[in-house]
Structures are given as structure tokens and as C-alpha cells.
Amino acid sequence: MNRRRSTPRLVTAGIAAVTAALTLAATGCDAITSDGGDAEGETHSIDEGFHVGLLLPDLVTARYEAADYPFFEAALEEQCPSCELSYANADGDVDEQQTQAQAMLTDGVDILVLDAVDSAAAAGTVNEAKSQGVPVIAYDRLAEGGVDSYISFDNHRVGQVQAESLLEALEEEESTGDGSIVMINGSPTDPNAADFKAGAHEVLDGQVEIGQEFDTPDWSPEEATTQMEGAITSLGVDEIVGVYAANDGMASGAIAALRSAGVSVDDLPPVTGQDAELAGIQRVIAGEQHMTIYKAYRPQAELAAAATVALATGEDIDSGEYTITDMEDGSGATVEAILLEPVAVTADNVGDTVVSDGVFTVEEICTSDYEDTEFCQEAL
Ligand code: GAL
């Protein structure tokens, strides 16, 4: 398979062509793909291959470069060896992602797989692609504008599982009534963040007091530290019995603020996370972070590759063991979705999840800082 990695800078170099494409669309001319295809969209063959564009949203979350991109690339290679893949990561920049998508369209991609920085803003890209007959698969986050297919996890369930695990830890420590929790939710432009938040509230509301709550632009760990510092100042560090952090990056920010406020590792309140990042798993086995959410990225990427091949070759998507359901996007369009199940990871099941699935080896997890943990003592 041909593989082209489009770095943000390389993609920006195509800006003149992008402008030309935009001008075409703006003057109302029939959209014409740069490789000469028409707006009807073509059906491709696996034998001859076709050109796929993969757009991922950020670099502050390890999963995209460490798992989603390599797993998607491998799955596409396996399912369509003659296919060409162009890849770009927007590094959290909405405009940059639009530029990257436009450059790929100008370059003649036959199908886009899009994990949007901003789902509403992505409607422009989706419409532009559709006008050129290029199907769009929304990956992990549901882009608006009527995409052809959506591959993700049950994001409402992610929030519920995080909150259930937090509540369990609070109940175990008998601290539910002793203070309040702080909620650090994800980016307001990411519809998944709203689903995580709604799922978590469903479980937490009425069960524990929520002292402070934040939405965090760009899922920024630094911003999460600042928010947590603010919460510590206004609530008092001893009042905080738990932290709902929507992902591992922000969990690390919240823990850093608590540690700077003088809380020892043993006295840290339970903190949630998501993404099963290596650093997150290490904090979990060291007792700094109560839990993380493991999403099986490999099946997710494999399904996305299967959907890519099916859509480009005019076949129905074979979802295997997974169910295809209808969902509405933020603009009211109905989209076919395949949603996978998230799994809670605590110190008790690191071995049965990320290790047994081959995401990380024991050696990768048990570096010198962690070799004294119970997990590493038993696993090494
Ligand atoms: C969400 C995604 C999470 C996490 C987060 C931050 O949309 O579902 O797994 O990565 O973005 O990038």
C-alpha cells in the first residue's frame, strides 16, 4: 500500500489548490474532483485500490498517534493492499483540520475518514466532500452534515462507567457524604464530551455533591490543572473527595494540582480517566488514578477500515459481531452507527485488558518507577 503521511505543514502547502476548489464550489459550478471524477462518486475495486484520507483531531491525547493511526493503516493494508492512505493530525486546530481535509479532496482522495476537532464546523468539510461524490466516515466523533457511516464507542455508556466506578470508590472509602467532587469534562466542540458528561451526571446526580464543574477546551491537561487549582482554592483541598476527569490527560492535570496542594499519593481522592494511555495505566497501578476507560482501538480501527472498503466499493458494511444502529447527528441527519463497548480498568484488571489485548506489554508498563507496584511485582 502506498502511504503518505500529510503533516500539517505539508498539507498547508496545497493551499492554492484548496482555494481553487473552494472558488469552484462558491461560484456554483458542478464540483469536479481533481482526479477527474464527477460528483456522482465512483465505485472502486479492491484490486485496483483507491485513495483514502484519514484525519485525526489532536496530539495531546496519545491514542491517535499511538493506536488509531497505526491500527487503521494496518487494517487498510490488510483489507486493501493496493489502496493509498494520506494521513493528517490537526493538533486541535479547527481551521487546520478544514485545510487538511480540503487539501486531501483537492489531491483526489476517494473517501474520507474524519475524527472531527469540531463536529459542527466539520459539516462544511462533509458537504464539500459529498458535493464531490466522496463518502465520509465519521470516526469516533460524529461530524455533522450527514456522514455516510459512524464508527465509535457507546459514549453515553463511557460516562456512566466512569461515574459508576467513581461512586463505587467513594462508597468503599465511605466518603460520599464527607465533601464534594470536582467534574472536569471534555471539549465543548466534541459531541462525545457532551455524551460522557450526560452519562456521568445520570449516575452521580443526587448521589454525591458536585462542588465545581468545568468544560475544558481542547481537552487540555494544562487547563485541567488550572481548573483544579481553582477548585482547590474555592472548595478547600480537604473538601474534595473525588474527581471526575473525562480523560487521562486531564486526570494527570488534576492529579498534578492536588499533589502541588500537598496531597500525598496515598491520600489522593479517586480520580477517573479515559483512553488507557500508558501514563494513565501507570498511574492506575501506582494508586494515583483510580480508573481509566479502555476502548478497544484495534477493533474500532478495523471496523473503520472495513467500512471504508465497503463504501468505496459499493458494498454493504459487514459489521461482524457488532450491531448497526441509526443515530441522529447534531444537525438532525440520520446516520448508520456501529458503537463498541467501553471497559473500566482499575489496578485489578490491567492484565486482563490492555496487556492481554496486546496494547502494552508488562515491560512497557513496569518501568523502573513502577516495578515496586503490586501489579508489577506479580506480573514480572
Ligand atoms: C474523545 C475521544 C476520547 C478522547 C478525547 C480527547 O472524542 O472519544 O477517547 O481521546 O476525545 O481527544
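Trainee: How far is an oxygen atom of the ligand from an N or O atom in the side chain of Asp190?
Mentor: That distance is 2.6 Å. Keep in mind that this is a predicted model.

Trainee: And what about Asp275?
Mentor: One of its polar side-chain atoms lies 2.7 Å from a ligand oxygen. Tyr64 has a side-chain N or O atom 3.0 Å from an oxygen of the ligand.

Trainee: How much of the ligand does the protein bury?
Mentor: The protein buries 100% of the 310 Å² that the ligand exposes when taken alone.

Trainee: Where does the ligand sit, then?
Mentor: In the largest cavity.

Trainee: Which elements give two or more residues to the shell?
Mentor: Those are α3 (63–79) and α7 (191–204).

Trainee: Which residues come nearest to the ligand?
Mentor: There are 14 residues around the ligand. Nearest are Asp140, Arg141, Asp190, Asp275 and Lys295.

Trainee: Switching to domains. Why does the ligand lie between domain 1 and domain 2?
Mentor: Because both of them give residues to the shell around the ligand. Domain 1 covers 2–153 + 296–340, and domain 2 covers 155–294 + 344–379.

Note on methods. Residues are numbered from 1 along each chain as its sequence is written. This is a predicted model: local features need pLDDT of at least 70, side-chain atom pairs count only at pLDDT 80 or more; totals for chains, interfaces and linings use all residues. Side-chain values use heavy atoms; hydrogens and water are left out. A residue is near a molecule or strand if one of its heavy atoms lies within 4 Å of it. A polar contact is a pair of N or O atoms within 3.5 Å; within protein, one must be able to donate a hydrogen and the other to accept it, and residues adjacent in sequence count only if both atoms are side-chain atoms. Accessible areas come from the Shrake-Rupley method with a 1.4 Å probe; for residues, only the protein chains shown count as cover. On a 1 Å grid over the protein atoms alone, a cavity is a set of points where a 1.4 Å probe fits but cannot get out, and a pocket is an open set with protein on both sides within 12 Å along at least five of seven lines; lining residues have an atom within 4 Å of a point. A molecule sits in a cavity or pocket if more than half of its atoms lie within 2 Å of its grid points. Helices (H or I, at least four residues) and strands (E, at least two) are DSSP runs, numbered from the N terminus. Domain bounds come from an automatic or database domain assignment.
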